[in-house]
Amino acid sequence: MKRLILIFALIASPLFAVQPDEVLEDPVLEQRARDLSTGLRCLVCRNESIDESNAELARDLRLLLRERLVAGDTDEEAVDFIVDRYGEYVLLKPTVTGANLMLWLAGPIMLLIAAVIGWSFLRNRSQAVGTEVKDGLSEAEKERLRQILDG
């Protein structure tokens, strides 16, 4: 029964790839490192945080983050150092400024443009239905059609 409880506890708890030799002795610094590393993306695994990834690069990022915290960096300084070194892609939640702002706004703008084009198409189409079509063929056209059909 105890084994079953232990197995369920392991399954229910989040799995971290942090190795025992990476853990800081100061529990406050370690908690700060864990909190920060959940917001940093593993560049190998893409949508995993460096805390969850077993990749070697994720381990290097975890160690670098801990080194910066031990050196006395604030949370912002440590994250900024990693972002400066690896680019903004390392953030799991990218900022909504600069070039990213254009990416955030591109979808809604394209939807708005498509809606305007669709509305104008339907409006022009409904107006075109009201125009009268010239009924019948001219005498010359009727004669030509008879020639074609007769062979």
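Let me start with Leu40, which, once its neighbours within four places in sequence are set aside, is in contact with Glu48, Ser49, Ile50, Leu65, Val79, Ile82, Val90, Leu91 and Leu92, where contact means heavy atoms within 4.5 Å. Please keep in mind that this is a predicted model, in which local features need pLDDT of at least 70 and side-chain atom pairs count only at pLDDT 80 or more, while totals for chains, interfaces and linings use all residues. Residues are numbered from 1 along each chain as its sequence is written, and side-chain values use heavy atoms, with hydrogens and water left out.

Leu40 is also among the residues with the most contacts inside the largest nonpolar core, which has 20 residues; such a core is a set of buried Ala, Val, Leu, Ile, Met, Phe, Trp, Tyr and Cys residues joined through side-chain atoms within 4.5 Å. Helices H2 (27-37), H3 (56-70) and H4 (75-86) each supply at least two of its residues, and H3 gives the most, with 5 residues; helices here are DSSP runs (H or I, at least four residues), numbered from the N terminus.

Cys42 is buried at 0% relative accessible area, whereas Cys45 is partly exposed at 31% (buried means under 20%, exposed over 50%, partly exposed in between, with a 1.4 Å probe and protein chains only).

Finally, the charged end of Arg41 sits over the ring of Tyr89, 4.4 Å from its centre, and that of Arg68 sits over the ring of Phe81, 4.2 Å from its centre, which requires NZ of Lys or CZ of Arg within 6 Å of the ring centre and within 35 degrees of the ring normal.
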